[in-house]
Amino acid sequence: MRPKNDRFLRALLREPVDCTPVWLMRQAGRYLPEYCETRRRAGDFLSLCKSPSLACEVTLQPLARYDLDAAILFSDILTVPDAMGLGLYFAEGEGPKFERPLREEWAIRDLQAPDPNVHLRYVMDAVAEIRRALADSVPLIGFSGSPFTLACYMVEGGGSADFRTLKTMLYDRPDLLHRILEVNAQAVTDYLNAQIECGAQAVQLFDTWGGALSAAAYNEFSLNYLQKVVQGLKKTHNGERIPCIVFTKGGGQWLEAIASIGCDAVGLDWTTDIGDARRRIGDKVALQGNFDPMALFASPDKVAAEARRIVDSFGGGSGHVFNLGHGINQFTPPENVTTLVDTVHNHSRKNSRQSS
Ligand code: CP3
């Protein structure tokens with residue numbers, strides 16, 4: 001059964017909509033005081049991810065405040081390498097780190113895809129609990145990191161400004177990186193299919209670092225494995241289509257290639273004009289994006305103007321899911337999100353009247 005508000009699913013499948021649906025990457029997070037309060041109760045971020053009931057609580061928080069058209073599972077992309085035994089931890093103020101980064105040839109040979117129903121049981125339990133709590137009000141999005149973006153963190157052992165270790169491996173020992181990506185592609189496919197079985201109604205692949213590659217390396221090391229995952233995903237569950245969104249940050253110059261791997265929608269960061277993107281690939285896929293998250297720091301009238309500009313740039317008809325071009329910043333004024341969400345709905349409702 002489709003949820004009561006199914007605009008998000010309809011836009012992804014390019015079916016008619018009454019107005020443009022909107023959700024925000026990282027919509028549950030530190031810019032919300034209620035999130036900070038729940039995180040304090042959990043003790044730390046990872047404990048929050050590993051508690052299905054607290055993960056459910058924070059997933060619902062942005063929906064209580066804003067008129068959003070989808071919920072996204074509260075978790076992190078790095079739970080998958082954690083389940084592979086790399087030992088994820090968050091050093092205060094330093095972002096994610098791994099106790100055992102993946103560098104030795106023997107460790108790469110030994111790497112295995114985890115069974116999501118065993119090693120990521122807490123995520124599956126969260127998905128099921130969130131679906132029950134949503135009671136078919138809006139759809140629930142499941143997600144995973146892309147095989148390549150996960151490999152970046154696994155090999156570097158954390159975030160990186162230049163990906164020196166990863167790129168040294170890519171150029172010197174591409175065989176080792178391919179081995180990691182093969183395992184990651186299997187892990188991500190199994191993980192997303194398990195989320196779908198537990199109730200995720202759409203899925204998104206976050207390829208945050210694909211845009212750091214040369215065009216040739218992007219095809220060989222990121223897009224190839226995104227394609228493997230997309231081709232291995234369950235396309236329907238309980239008779240409903242499960243749309244899949246692929247988001248490569250910095251992938252604007254490769255949109256045609258991304259649109260041809262079998263996904264239903266392509267995510268755009270803020271550097272591509274969404275009207276141009278529609279002319280390039282809008283007959284193949286839906287588009288998601290592409291509001292600069294930093295524009296949320298401007299005054300409400302400027303936030304509204306920028307939202308209208310993007311809605312107008314996409315133009316009439318279906319096939320647009322409004323979103324930010326990357327995750328929301330932790331210092332974002334929460335009241336500006338109200339302006340953003342309401343402007344997208346009101347302005348696009350006007351547009352859809354004009355075009356019908
Ligand atoms: O969108 C959502 O609301 C769902 C939750 C979600 C989180 N992380 C929660 C989170 C999602 C979809 C992610 C994805 C994620 N995680 C990505 C891909 C998208 C992107 O933003 O590029 C990446 C690269 C990560 C890895 C990660 N997790 C980093 C680099 C950090 C630290 C940076 C930061 O913003 O603090 C995290 C931590 C993290 N993941 C937080 C949240 C809410 C903040 C943790 C906290 O509460 O302290």
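How many bridges join strand E4 to strand E5? I looked this up first: 5 bridges link E4 (residues 140-145) to E5 (residues 202-207), and the two run parallel.

**Ground rules**

I am working from a predicted model, where local features need pLDDT of at least 70, side-chain atom pairs count only at pLDDT 80 or more, and totals for chains, interfaces and linings use all residues. Residues are numbered from 1 along each chain as its sequence is written, and side-chain values use heavy atoms, with hydrogens and water left out.

**Entry: the sheet**

I count strands (E, at least two residues) and helices (H or I, at least four) as DSSP runs, numbered from the N terminus. Two strands pair if DSSP finds at least two bridges between them. Stepping back, I see an open sheet of 7 strands in the order E1-E4-E5-E8-E9-E10-E11, with parallel pairing. E1 (71-72) and E11 (320-324) stand at the edges with a single partner strand each, so one side of each has no neighbour in the sheet.

**Entry: the hairpin**

Next I turned to E2 (residues 88-91) and E3 (residues 95-98), which pair in the antiparallel sense over 4 bridges. Tyrosine 89 has lysine 97 of E3 as its bridge partner, and phenylalanine 90 stands opposite proline 96 in E3. The two strands form a hairpin with 3 residues between them, and in the turn glycine 93 has a positive phi of about 75°.

**Entry: two helices**

I then checked H10 (residues 164-172) against H11 (residues 174-198): their axes come within 5 Å and cross at roughly 110°. The axes are lines fitted to C-alpha atoms over the stretch in contact, with angles from 0 to 180 degrees between N-to-C directions. That makes H10 roughly perpendicular to H11, a label for angles of 65 to 115 degrees.

**Entry: the ligand**

Last, I asked what surrounds the ligand. I get 22 residues (a heavy atom within 4 Å), and the closest are Arg26, Arg30, Tyr35, Arg39 and Asp76. For polar contacts I took pairs of N or O atoms within 3.5 Å. A side-chain N or O atom of aspartate 76 is 2.7 Å from a ligand nitrogen atom. A side-chain N or O atom of threonine 208 is 2.8 Å from a ligand oxygen atom. Alanine 28 uses the backbone: one of its N or O atoms there lies 3.3 Å from an oxygen atom of the ligand.

Technical notes:
Angles under 35 degrees count as roughly parallel, over 145 as roughly antiparallel, 65 to 115 as roughly perpendicular and the rest as oblique. A polar contact is a pair of N or O atoms within 3.5 Å; within protein, one must be able to donate a hydrogen and the other to accept it, and residues adjacent in sequence count only if both atoms are side-chain atoms.
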